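This report covers the pocket and the barrel of one model. The structure comes before the details.

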Amino acid sequence: MRGPPFLFKECAMARILVLDTTLRAGEQAPGCTLTPREKLRMAHQLADLSVDIIEAGFPVVSMDDFTAVRSIAEEVRGPRIAAVARARPGDIDRAASALDQAANARIHTFIGTSDIHLRHNLQISKEECLDRVGDAVQRARRYVTEVEFTAVDAARAELDFLSRAVAVAIEAGATTVNLADTVGYAHPDEFEATLRTLFSEVPPLEEVVVSVQCHNDQGLAVANTLAGIRAGARQVECTINGIGERAGGAALEEVVMALAIRQDLWDHRTGIATRNLHRASHLLGHLTGIHPHPHKPVVGKNAFAHKSGVHQDGMLKERTAYEIMTAEQVGAPESRMVLGKHSGRHA
C-alpha cells in the first residue's frame, strides 16, 4: 500500500520554472516602495539568481511602474520579462508598450474567478468573466507569444466555473495558466485536489505550463506551493523573503531549498543559483528597509546560529547533526556559535 502523499517519492522528474514577483506582488507589501532605478538594480540581482521569469511590474498603474518595466525589459537579459495587466484592453496595450524592447516578453493577465470577486469586486456575471478572459488572452497574443492567465482567488472559486475559465484561456492562446490562492485560504491537501481535478476536467491543461501563486495568511504558502508541484504544477510564483500583501506570499528561497534538500522526496529541480540567495535577500532588505525576521528560514540572521550547548557540541562533532543545509549553499556567512547561559564547555 502506498503511504501518505508526503512519504513517497515523485516519479516524473521535472524542471520547475521560477517566476519571481518581488518587483510586483512583493512591492505591494505595506511600507515597501521601490524607485525604477532600485527595481532595475534588484532585477539584475534576480537575473544573477537565475530566476526564469521576472515579473517586473504593473505598467498601467503608474508612470513609475511603466518606466521600471521598460528599463528592465531594455537592459536585463537572461530571464523572461513579464508585465501584469488586468483583463482589460487598455491594461494589455500598456503592458505591451512597456515590454516592446524585451528579448523575451510575457504579458500576464488576470481576473477574479470566485463568486466573491465576481459579485462584489467586479460586479459581472460568470459569462461576462469568461468573455473577458478570452478577449484579454487573444489581445495579449497579438503582441507576444507567451501569455499567462491567472485565475484570481482560484482556491475559493467554484470548480466547474474555474474549469471553464481555464479552458477558455487555453483556447484563446494562454501558454501558462496560474492558479492563485490570493488570500491564503487553501490547505495543502485541498489545493492539491483542486489542481488534480482541473487536470482531469480540462485535458488541454496538460499542453500548457500550470503555475501556482500562494499567499501566506495561514502560514501555508510554501506548503501549498509544494502541494501544487506534487499535483503537476511546473511553475511557482514567489517573492524574495516572502514579502507581499498582508502576510506575504511563498518565499522563493524556502521553496527552492525545500526541493533541493529533500531530494529523497523530490526529483524536481529549479535552475536557481542558490549561492546567490542570501545576497538577493540582503539587497532587497537594503532597498526596502524591510529585513527578514532573524528566525526566517534560509536567509534569516539566526538561520545558521547555534546557542544550545547540546547543539553546539553536536555541531563541533558533526555539523550535519544540526544543519540540514550549509551556509555556503545559500551564500550566507558561515555558521556561528552564540555563547550564552545555555552554552557548554565544548563551545
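Strand β4 gives the most to the lining of the largest pocket, with four residues. The model is predicted: local features need pLDDT of at least 70, side-chain atom pairs count only at pLDDT 80 or more, and totals for chains, interfaces and linings use all residues. Residues are numbered from 1 along each chain as its sequence is written, and side-chain values use heavy atoms, without hydrogens or water.

The volume of the largest pocket is about 580 Å³. Among its 24 lining residues, R24, F110, H117, V152 and T182 are the closest to the centre. A pocket here is an open set of points on a 1 Å grid over the protein atoms alone, where a 1.4 Å probe fits, with protein on both sides within 12 Å along at least five of seven lines; lining residues have an atom within 4 Å of a point. Two or more lining residues come from each of β3 (80-86), β4, α4 (115-122) and β5. By class, the lining has nine nonpolar, nine polar and six charged residues.

Eight strands close into a barrel with parallel pairing, in the order β1-β2-β3-β4-β5-β6-β7-β8. Pairing requires at least two DSSP bridges between two strands. β1 (residues 17-20) and β8 (residues 235-238) pair in the parallel sense over four bridges, and V18 has V236 in β8 as its bridge partner.

| Helix | Strands touched | Angle between directions |
|---|---|---|
| α5 (residues 126-141) | β4 (105-112), β5 (146-152) | about 170 degrees with β4 |
| α6 (residues 159-172) | β5, β6 (176-181) | about 150 degrees with β6 |

Angles run from 0 to 180 degrees between N-to-C directions, with axes fitted to C-alpha atoms, for helices over the stretch in contact. Helices (H or I, at least four residues) and strands (E, at least two) are DSSP runs, numbered from the N terminus.

Note on methods: Contact means heavy atoms within 4.5 Å. Grid points are joined across faces, edges and corners, and a volume is the space filled by probe spheres set on the points. Ala, Val, Leu, Ile, Met, Phe, Trp, Tyr, Cys and Pro count as nonpolar, Asp, Glu, Lys and Arg as charged, and the others, Gly among them, as polar.
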